[in-house]
Amino acid sequence: MTTFHPVGEPDAEGLLDVGDGQRIHWQVSGNPDGKPAVVVHGGPGSGLNTGNRRYFDPERYRLVLFSQRNCGRSEPHAADPATSLEHNTTAHLVADLERLREHLGIERWLMFGGSWGSTLILAYAQAHPARVSEIVLSAVTTTRPEEIDWLYRGVGRLLPGPWEAFRDALPPEDRDGDLLAAYDRLLNDPDESVRRAATTAWATWEDAVIAHETEGSPHAYTDRPSEALTAFVRITAHYFSRRAFLEPGRLLREAHRLSGIPGVLIHGALDLDSPLDTAWTLAKAWPDAELTVIQNAGHTGSPATGEAVLAAMERFAGR
């Protein structure tokens with residue numbers, strides 16, 4: 001039976017001013033002289049998850065967790081409708097990561113993340129390859145337009161009832177157009193009841209896509225605390241309706257920038273949220289990466305997924 005590491009409490013934490021009126025919340029734990037590592041959370045807008053500490057030996061790692069702009073305990077929070085997301089883009093988040101690394105006095109760090117976190121890690125590592133020692137990604141995404149379109153339209157062929165409910169929560173005039181742009185407008189509507197209804201409809205669709213998985217839950221998103229859910233949905237719609245502020249396909253085209261960085265890609269064969277082909281294509285474009293396909297896992301992973309992540313961290317701890 002796999003033994004994970006104790007989660008424990010942070011040894012230090014704070015709010016880092018990154019400009020634009022933004023402060024991002026960070027935590028550091030483990031050995032101050034250990035191998036630096038950073039966990040990049042998904043969403044966008046999910047906030048840091050302290051449970052990720054279980055993958056990192058606190059005797060061998062100096063582990064950084066943080067919440068991206070406008071979520072978790074970062075300020076200002078996207079749950080407040082008065083909070084503008086104007087200064088929340090992929091480029092801003094890449095710059096925040098680099099500023100956090102410098103603030104903590106870290107030369108190079110291992111990067112770990114899944115889903116949207118994998119997209120942000122790839123964007124950062126391609127911009128700052130000299131600052132990355134290794135990369136471990138799970139539920140791999142690059143947030144290309146076709147990946148976004150699959151999640152919010154294509155996969156509806158497999159889940160027609162929940163998808164129609166997602167579509168029909170929009171006004172009739174928006175149902176045949178850009179669904180994500182329409183949701184983004186509703187989530188920023190002055191009327192609280194409109195925002196609340198759009199948040200619930202979006203989260204219910206997200207639930208439907210993962211509910212069938214081995215580790216899935218019928219209410220994984222809708223059961224989140226109200227402020228956390230509001231921030232997650234609002235930030236996700238902000239990013240995905242704008243194609244994640246990335247040039248389409250750039251992260252795969254420029255995977256050569258990762259040359260020399262060892263990588264481990266861990267992906268569930270049953271992932272409907274992010275089908276395997278993205279991880280497969282990335283592994284071919286990045287010669288220093290190895291792909292592990294977990295046969296019984298979806299987007300939320302499985303015990304075997306956790307074991308694969310832990311094994312990668314144990315292997316890289318000694319490098």
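1. Two strands are taken to pair if DSSP finds at least two bridges between them. In this predicted model, methionine 111 stands opposite isoleucine 135 in β6, and this residue pair belongs to the contact of β5 with strand β6 (residues 132-140), in which the two strands pair in the parallel sense over six bridges.

2. On the β3 side, strand β3 (residues 35-40) is joined to β5 by four bridges, and these two strands also run parallel; here alanine 37 stands opposite leucine 110 in β5. Strand β5 itself (residues 109-115) is mostly covered, since seven of its seven residues are buried.

3. The pairing continues from β6 to strand β7 (residues 263-268), again in the parallel sense and over four bridges, with leucine 265 of β7 as the bridge partner of leucine 137.

4. Taken as a whole, the sheet is open, has eight strands in the order β1-β2-β4-β3-β5-β6-β7-β8, and shows mixed pairing. The edges are held by β1 (12-19) and β8 (289-294), each of which has a single partner strand, so one side of each is left without a neighbour in the sheet. On average, neighbouring strands of this sheet are turned by 20° against each other, direction ignored.

5. Two helices may be considered together with the sheet. Helix α1 (residues 90-103) packs on the sheet, where it touches β1, β2 (22-30), β3, β4 (61-66) and β5, and its direction makes about 130° with that of β1. Helix α2 (residues 116-127) lies across β3, β5 and β6, and runs at about 140° to β5.

6. Helix α7 takes part in two helix contacts, of which the one with α6 is described here. The axes of helix α6 (residues 192-210) and α7 come within 10 Å and cross at roughly 80°, and α6 and α7 are therefore roughly perpendicular to each other. Thr199, Trp202, Ala203 and Glu206 of α6 make the contact with Leu229, Thr230, Phe232, Val233, Thr236 and Ala237 of α7; these residues divide into six nonpolar, three polar and one charged.

7. For the other contact, the axes of helix α5 (residues 179-187) and helix α7 (residues 226-240) come within 9 Å and cross at roughly 140°, which makes α5 oblique to α7. The crossing in which α5 passes α7 is left-handed. From α5, Leu180, Asp184 and Leu187 meet Val233, Arg234, Ala237, His238 and Phe240 in α7, and the residues of this contact divide into five nonpolar, one polar and two charged.

Definitions and conventions:
Residues numbered from 1 in each chain as written. Predicted model: local features only at pLDDT ≥ 70, side-chain atom pairs only at ≥ 80, totals over all residues. Heavy atoms only, no water. Axes fitted to C-alpha atoms, helices over the stretch in contact; angles between N-to-C directions. Parallel < 35°, antiparallel > 145°, perpendicular 65-115°, else oblique. Left-handed = near helix turned anticlockwise from the far one by under 90°. Contact = heavy atoms within 4.5 Å. Nonpolar A, V, L, I, M, F, W, Y, C, P; charged D, E, K, R; others polar. Buried < 20%, exposed > 50% of the residue type's maximum accessible area, 1.4 Å probe, protein only.
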